[in-house]
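Come and look along with me, one entry at a time.

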Amino acid sequence: MKIVGINTSPRKGSNSRIALVKALETAKSKGADTVIYDLNDMNIRTCQADNYCVDNNGKCILDDDLQDVYKSIDEAYGVILATPIYMGNISSLAKIFIDRLHCLLRVDNLRDKKFSIIASQAAIEPPMYEYIKNNLDITSDIFQGIGFELEDVVLLIGNENEEAILNKK
């Protein structure tokens, strides 16, 4: 069993990446093979919206580092997307990744793959929490629409400072 971690934080040692590492360590302790992709360190372009993938059995026209990620997802049991919350929503890298998953709409083997989201935010105020929770629900709906089976959505709050999550359970 393979679990793919997608880190969409641009910061090294970010709270969302720390949480992702912990989740993957837990999966590894239960026998899973794991891999992390740090999207900020990769050569990734935005979706060209040309529908090339629609006409070519899900193959993306862009020959960038996401090709390796697609292969890993194809081999995986599940995917964990880790994102910081910026301005009440997922990071721009998370959005680029989601947009680039358009090519997977034509792939039938996603139906058995699990998907989870780990999000980290500074805010602890209930109104902001509800707004963010709604945005995460929309994000999870997108993954389910692509074909993934939603496993979990975890929103970790009160992580204003770098590595704040290290002091939490």
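**Ground rules.** I took helices (H or I, at least four residues) and strands (E, at least two) as DSSP runs, numbered from the N terminus. This is a predicted model, in which local features need pLDDT of at least 70 and side-chain atom pairs count only at pLDDT 80 or more, while totals for chains, interfaces and linings use all residues. Residues are numbered from 1 along each chain as its sequence is written, and side-chain values use heavy atoms, with hydrogens and water left out.

**Entry: Ile132.** I looked up Ile132 and found it in helix 5. Is Ile132 buried or exposed? I noted that it is buried, at 2% relative accessibility; buried means under 20% relative accessible area, exposed over 50%, and partly exposed in between (1.4 Å probe, protein chains only). Contact here means heavy atoms within 4.5 Å. Not counting residues up to four places away in sequence, Ile132 touches Ile85, Gly88, Gln121 and Leu155. I also checked Lys71, 61 residues from Ile132 along the chain, and their C-alpha atoms are separated by 31 Å.

**Entry: the cores.** I then searched for nonpolar cores, meaning sets of buried Ala, Val, Leu, Ile, Met, Phe, Trp, Tyr and Cys residues joined through side-chain atoms within 4.5 Å. The largest has 33 residues, and Ile6 and Phe97 have the most contacts inside it. Two or more residues come from each of strand 1 (2-7), helix 3 (66-75), strand 3 (78-86), helix 4 (92-100), strand 5 (114-120) and helix 5 (126-146). Apart from this core lies another, of 10 residues, including Ile3, Leu20, Ala27 and Ala32. Which residues does Phe97 contact, leaving aside its neighbours within four places in sequence? I listed Ile6, Leu39, Leu66, Val69, Ile73, Leu81 and Phe143.

**Entry: helix 3.** I wrote down the buried residues of helix 3 as Leu66, Val69, Tyr70, Ser72 and Ile73. They lie on the same side of the helix because they cover an arc of only 165° around the axis, where the arc is that of the directions from the helix axis to the C-beta atoms. An α-helix has 3.6 residues a turn, so residues three or four places apart point the same way. The buried residues of helix 3 pack against strand 1, strand 2 (33-38), strand 3 and helix 4. On the face turned away from that buried side, I found the exposed residues Asp68 and Lys71.

**Entry: cysteines.** How many disulfides does a search of the whole structure find? I noted zero, a disulfide being a pair of cysteine sulfur atoms within 2.5 Å. The sulfur of Cys60 has its closest cysteine sulfur in Cys103, at 5.3 Å, so the two are too far for a bond. Both are buried: Cys60 has a relative accessible area of 10%, and Cys103 one of 2%.

**Entry: loops.** Most residues other than glycine have a negative phi. I marked Asn57, not a glycine, for its positive phi of about 50°. Asn57 sits in the loop between helix 2 (52-55) and helix 3 and is exposed at 74% relative accessibility. Met87 also has a positive phi, near 55°; it lies in the loop between strand 3 and strand 4 (89-90) and is exposed, with a relative accessible area of 83%.

My last stop was Ser91, in the loop between strand 4 and helix 4. Ser91 is buried, with a relative accessible area of 1%.
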